[in-house]
Every structure is written in structure tokens, then in C-alpha cells.
Amino acid sequence: VKTGKISNCNEKAGKLAGRPPKKLIGRHLKELFPKNRINSAKELIELPGKRKKELHCDTHVKSAKRKKEVPVSLSASVIKLHDGEVLYLTVRDITQRVILDQKLKNYSIRLEQDVQKRTRELKLAQEQFIQAAKLAALGEMASGMAHEINNPVAIIRGYAEDLRDHLKKNNMPKRQVFNRSLDMIISNADRCYVMTDEILNFARPKLNNFGSHTLKEIIDSSLEMVHARLRNKRLTINLKGRISKTSIKTDKNHLKQVVINILNNAIDASAKGGKIEISVSRIKGSLLIRITDNGDGIPRENLPRIFDPFFTTKKPGKGTGLGLSISYRILERLGGSVSVNSKRGKTAFSITLPEKDL
């Protein structure tokens with residue numbers, strides 16, 4: 001041990017080092033290791049002076065025959081003999097294990113890359129899925145929205161023509177009448193702008209509007225989008241809770257899409273002259289938005305399937321079966337959830353969202 005020279009070795013050791021055993025005897029341990037592994041030899045020589053007289057590690061040895069480094073598993077222990085201490089080494093060739101480990105590592109890298117690729121593809125598909133549902137919802141609202149815009153446009157045209165007729169006749173209206181006409185034109189032009197802006201924001205893909213928003217802002221905007229459908233069915237909207245004073249950190253446009261999807265379902269389920277209630281409350285650190293209609297209710301056998309993609313009980317051309325499924329997935333991404341309770345004469349969709357620091 002003190003000299004660090006090899007005193008004995010077997011045939012397998014010689015084969016591993018690429019030299020006959022007799023040519024290894026008398027050589028220093030350092031000669032077995034490549035220059036970049038010289039610390040392995042140093043640790044072995046210093047082993048007798050250490051408290052723990054054992055060493056187990058993976059390293060490399062030089063092979064004179066193969067002219068390369070061979071990966072090995074090395075176990076060393078200090079043994080006391082009658083004439084002093086000797087260092088007993090067991091060296092195993094682990095080339096195959098290293099090859100397999102590298103193959104496994106390469107496979108893991110490829111697998112991770114494949115998972116990342118699939119995840120990106122899935123995320124893109126989900127975004128496209130959500131966008132398709134938006135366009136489907138817009139399709140349902142299109143005729144009503146066109147009528148909504150036509151009304152203020154007709155008012156603008158009427159007041160503008162009246163002013164033009166007065167000017168043609170050189171009959172200047174009174175200042176009060178003139179200002180009132182201009183106010184009506186400006187007011188209805190603003191209404192058109194608000195409605196078209198809402199449509200564009202709703203239809204725009206890859207929305208990212210995460211921030212602090214009031215529920216009043218989100219609910220008012222959602223009601224604006226379905227206003228025509230509500231009016232055509234003469235439905236009454238009741239708002240309950242501190243909607244105007246409640247704020248939440250969320251993606252405004254995605255949450256609005258959820259509210260619109262559920263409102264559209266409530267409108268479809270309601271009879272003419274019915275009521276829809278939107279209530280807001282706080283429960284155990286969460287915000288609860290409940291949308292309730294007084295329609296016929298959802299049959300018990302359909303309740304487990306209503307959040308499934310493409311499941312719908314509506315007549316062909318009246319629904320895609322995407323609205324509730326998309327709403328479910330959007331709320332998952334926002335850290336929330338949606339559930340439903342239904343019986344004849346009452347269906348309530350409950351949207352639960354975490355209350356984050358504002």
C-alpha cells in the first residue's frame with residue numbers, strides 16, 4: 001500500500017488492462033488510469049490512512065490493447081496481513097452497462113422531446129377548439145346582433161335626415177331641438193361602436209387579458225352580446241349579490257366566453273317571458289357565479305354527459321355541443337370549475353373561481 005505498486009493480479013485484470021498479468025506486477029497504480037482519472041489512483045493510495053477503509057466508485061482504466069479508456073466499477077478495501085496492509089481491488093468492466101445507460105438516456109431525451117411536441121400540438125388543438133366554439137356562438141347570435149346594430153343605425157339615419165330636411169328648407173331648427181338630434185346621433189353611434197367592439201374582442205383568437213376586472217364589467221359585456229336573444233324571448237334578467245363591487249383576477253375574455261355559453265344555454269331552455277338569475281357570492285375563499293333559468297330542466301340521464309364534447313339535445317343546426325365542454329376546459333385553465341343542478345322548472349350552473357390577490 002505504501003509504495004502504490006501492484007504486487008499481484010489475475011488474468012481478467014490483465015485482460016482488462018490489455019497487458020499480461022506479469023507485466024503489470026511492479027507497476028504503479030497510476031499507470032492503470034488515464035490522466036483525467038488520476039484522482040482515482042490518488043484516492044486508492046490514500047485509503048489506508050482514512051477512517052473508512054473502503055471505496056466504491058465508477059471510473060475508467062486504460063486498455064493498452066484497445067487503446068482506449070474502459071469504464072469500470074471499482075471496489076477497494078484495505079486488508080491486514082501478517083506482513084502489513086495491502087490494498088485489494090475488484091475491477092469490473094461495465095462497458096455494456098454504460099452503453100445501455102446512454103441508450104436509456106437518449107431514449108428519455110427523445111421521449112421528453114416527443115412529449116413536449118405532443119403537448120404543444122395538444123395546446124394548439126385546444127386553442128383551435130375554443131376558437132371554433134366562439135365562432136359557433138357568434139353564429140347563433142349573428143342575426144340578433146345584426147338587428148341590434150340596425151336599430152341605432154336607423155335612429156341615426158332618421159335624425160340625420162330630419163336635420164337635412166330642415167336645412168334644405170332653410171328652416172333652422174331651434175337650438176334645443178338641434179342639440180337633442182345631435183345627442184341622439186352621437187349616443188346611437190356610440191352604441192354601435194360598443195357592440196361591434198364586443199364582437200371583435202369576442203371573436204379575436206388567442207386572447208390574453210389576464211388582470212383585475214370587476215364582475216359587473218364581465219357580466220354587462222356578456223349580457224350585451226346576448227341582448228337580442230333575451231329581448232326576442234322577452235326574458236327578464238335578475239342580478240343578485242355585490243356584482244358591481246366584486247373584482248377578480250382572471251382572463252376577462254375567457255371568463256366572458258364561459259358566461260355567454262351558459263347564458264345561451266339558459267336562453268334556449270327558457271320559455272318566452274321567463275326569468276334568468278345571475279347571482280354572485282363568496283364561499284371559503286372562492287367566488288361563486290350562479291346562472292339559473294326556470295326552463296324545463298335537464299333530464300337526469302343527460303346530466304353526466306352535458307360537459308362532453310359535441311353532446312347536445314338541441315335540434316340539428318341549433319347547437320354544436322361545444323359550448324359547455326369548452327367552458328369546462330376554460331375554467332380548468334383558470335383554476336376554477338363548473339357544475340350543474342337541475343330539476344323541472346329550475347336549472348342552475350355554478351361557476352367557481354379562486355379569489356386571487358388583487
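In which loop is arginine 234 found? In this predicted model, arginine 234 is placed in the loop between α7 (227-232) and β5 (236-240). Its backbone is marked by a positive phi of about 55°, although arginine 234 is not a glycine. The residue has a relative accessibility of 55% and therefore counts as exposed, the cut-off for that class being over 50%. A second residue other than glycine with a positive phi is lysine 284, for which the angle is near 50°. Lysine 284 is likewise a loop residue, located between β7 (275-283) and β8 (286-293). With a relative accessibility of 86%, lysine 284 also counts as exposed.

The chain as a whole was examined next. The protein chain contains nine helices and ten strands. Of its 358 residues, 35% are buried. The accessible surface of the chain amounts to about 22,400 Å², and carbon and sulfur atoms contribute 52% of that area. Among contacts with a separation of 6 or more, 64% involve residues 24 or more positions apart.

Pockets were then considered. Rolling a probe the size of a water molecule over the atoms shows where empty space is left. The largest pocket has a volume of about 880 Å³. Its lining consists of 28 residues, and those nearest the centre of the pocket are Ile6, Asn8, Cys9, Leu87 and Leu89. Two or more lining residues are given by each of α1 (11-17), β2 (68-81) and β3 (84-93). Of the elements, β3 supplies the largest share of the lining, with seven residues.

Strand β2 also holds serine 73. Serine 73 has a relative accessible area of 17% and is therefore classed as buried, since the limit for burial is under 20%. Beyond its neighbours within four places in sequence, serine 73 makes contact with Cys57, Asp58, Thr90, Val91, Arg92 and Ile94.

Burial is also found among the helices. In helix α6 (residues 215-225), which is mostly covered, eight of the eleven residues are buried. These buried positions are Leu215, Ile218, Ile219, Ser221, Ser222, Leu223, Glu224 and Met225. Helix α9 (residues 323-333) includes isoleucine 326. This isoleucine is buried, because its relative accessible area is 1%. The C-alpha atom of isoleucine 326 is separated by 9.2 Å from that of aspartate 308, a residue 18 positions away along the chain.

Helix α4 (residues 95-168) contains leucine 104, which provides a contrasting case. Leucine 104 counts as exposed because its relative accessibility is 52%. Together with Tyr107, Leu111 and Val115, leucine 104 forms a nonpolar patch on the surface, and the accessible area of the four residues is about 390 Å² in total. An α-helix has 3.6 residues a turn, so residues three or four places apart point the same way.

Methods. Residues numbered from 1 in each chain as written. Predicted model: local features only at pLDDT ≥ 70, side-chain atom pairs only at ≥ 80, totals over all residues. Heavy atoms only, no water. Patch = residues over 30% accessible without salt bridge, like charges linked within 9 Å, V, L, I, M, F, W, Y side chains within 5 Å. Areas by Shrake-Rupley, 256 points an atom, 1.4 Å probe, with all protein chains shown as cover. Salt bridge = Lys/Arg side-chain N within 4 Å of Asp/Glu carboxyl O. Helix = DSSP H or I, 4+ residues; strand = E, 2+ residues; numbered from the N terminus. Buried < 20%, exposed > 50% of the residue type's maximum accessible area, 1.4 Å probe, protein only. Contact = heavy atoms within 4.5 Å. 1 Å grid on protein atoms, 1.4 Å probe; cavity = no way out; pocket = protein on both sides within 12 Å on 5 of 7 lines; lining within 4 Å. Points joined across faces, edges and corners; volume = space filled by probe spheres on them.
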